Amino acid sequence: MITCNQCINLFITHDPKRRWGCRKFGFKSNISPKFEVKKETGMECAYFTVREKINKTQREIQKNG
């Protein structure tokens, strides 16, 4: 099951009327992008990509190279 919270394309906006955004489709919405995509296309999102979980140690290693 697709959950936008686990997708790399999800972003949170500062617009209180359109809180959720999708980088891949290039829109902001007042509902989760998964519902917006389903409403407009009639299909599940084809661009869902799982966000890689990074813990604090991994982040420090990436930061310090």
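Two strands pair if DSSP finds at least two bridges between them. Strands (E, at least two residues) and helices (H or I, at least four) are DSSP runs, numbered from the N terminus. Keep both in mind for the first stop.

**Before you start**

This is a predicted model, in which local features need pLDDT of at least 70, side-chain atom pairs count only at pLDDT 80 or more, and totals for chains, interfaces and linings use all residues. Residues are numbered from 1 along each chain as its sequence is written, and side-chain values use heavy atoms, leaving out hydrogens and water.

Colour the chain by pLDDT, the predictor's confidence in each residue, from 0 to 100. The chain's mean is 87, and 98% of its residues reach 70 or more. Where pLDDT is low, the predicted coordinates should not be read in detail.

**Stop 1**

Now zoom in on strands 2 and 3. Three bridges join them. Pick Gly21: its bridge partner in strand 3 is Lys28.

**Stop 1**

Contact means heavy atoms within 4.5 Å.

Show Val37. Leaving out residues up to four places away in sequence, Val37 touches Phe25, Phe27, Gly42, Met43 and Cys45.

**Stop 2: the core**

Select Ile2, Cys22, Phe27, Val37 and Cys45. These five residues make up the largest nonpolar core. Such a core is a set of buried Ala, Val, Leu, Ile, Met, Phe, Trp, Tyr and Cys residues joined through side-chain atoms within 4.5 Å. Buried means under 20% relative accessible area, exposed over 50%, partly exposed in between (1.4 Å probe, protein chains only).

**Stop 3: the salt bridges**

How many salt bridges does the structure hold? There are three. Each needs a side-chain nitrogen of Lys or Arg within 4 Å of a carboxyl oxygen of Asp or Glu.

- Asp15 and Arg18 meet at 3.3 Å, N to O.
- Glu36 and Lys39 meet at 3.6 Å. Glu36 is buried, at 15%, whereas Lys39 is exposed, at 56%.
- Lys38 and Glu44 meet at 3.7 Å.
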